[in-house]
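Thanks for coming, everyone. Have the sequence and the model up on your screens, please.

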Amino acid sequence: MAEEKIDVSNLKLSDATQRAGETIQAYYEKAEALENANQKVEEAKKAMGEVVADIITKDGASEEKIEKAKQALEEAEKEAQKAQEELEQSAEEAQKAQEELQAKKEEIEAQRPTDETYVVYTAQMKCMKNKEKDYGMRSSILVLPQTHGIFVRGIPQMTVFDNLAEQNIINFGGCCSKENPSTVETAKEVAKQATEEAKKDRNLGEKLVDGFMGFVSKVKSVFTGEEDDSVDESLIEMCYGKCTPILVPGVTWTREKEKVSLNGEPPLLRRCELHCLYGGTIILETSGQPE
């Protein structure tokens, strides 16, 4: 059976993002409530155990005490059952919200290649490998230290020359490109730590070799005594180094709109792209304009 497509045409990205965050928070709260309820059950069982111990001793236990312990246990178990049901419902709501958010992002992304919407201050962007895999650890925003004096719906408009690293292009939190020296160094450190742990525990070394082929060249020294400073590319792309966008001087955002200018500069459109020398393509997830 084909998967049912989620209709998000009338859903705002901001609303979908907020709902996803709220449902995840609600799930964590329900999980904590269940943990507390289970703790009460354990305490009630312990109390019941003490009553049973009193029954079999010469001191005995009053009927009132027995009934009170039973009632406390039943109430605790009911509370735990309710908490479990609420957690399951919360998980379903969070899953649905995540699916809606993903569907909305996919809808917006599908429109991007032909989207000529003008981009403004605080547009959201991300760095991609071949437009398929995230190179950055997170999305970022496009900033403008000084306006061009032109506004769209009250927000400063951007041009294709707003392409300076750390001035316009805020870093993406981390970079997993194998072209980034910082990422390679991070991968080497991970491999080094794995090797040290594997030397302490041979079984762990075998698990690392079996589970992460990127560790093979490094961890094999545990078994053969051979030293190998190389790091597999698959391991590099599992690690994050420092994200410092390296942009070619003079190269602007591409795919700008011809014959239109903003104080002599082509306006930035959501379909535009910018390329980092570490192999990433920076694309605009949103225009920054109010939905």
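Start with a term: buried means under 20% relative accessible area, exposed over 50%, and partly exposed in between, with a 1.4 Å probe and protein chains only. By that rule Asn 263 is exposed, with a relative accessible area of 57%. Asn 263 has a positive phi of about 55°, yet it is not a glycine. Arg 153 also has a positive phi of about 55° without being a glycine. Arg 153 is exposed too, at a relative accessible area of 56%.

Now the ground rules. This is a predicted model: local features need pLDDT of at least 70, side-chain atom pairs count only at pLDDT 80 or more, and totals for chains, interfaces and linings use all residues. Residues are numbered from 1 along each chain as its sequence is written, and side-chain values use heavy atoms, with hydrogens and water left out.

Confidence next. pLDDT is the predictor's confidence in each residue, from 0 to 100. The protein's mean is 84, and 85% of its residues reach 70 or more. Where does pLDDT stay under 50? Over residues 213-227. For that stretch the model has 34 contacts (heavy atoms within 4.5 Å) beyond four places in sequence.

Last, the lining of the largest cavity. It divides into 9 nonpolar, 6 polar and no charged residues. Here Ala, Val, Leu, Ile, Met, Phe, Trp, Tyr, Cys and Pro count as nonpolar, Asp, Glu, Lys and Arg as charged, and the others, Gly among them, as polar.
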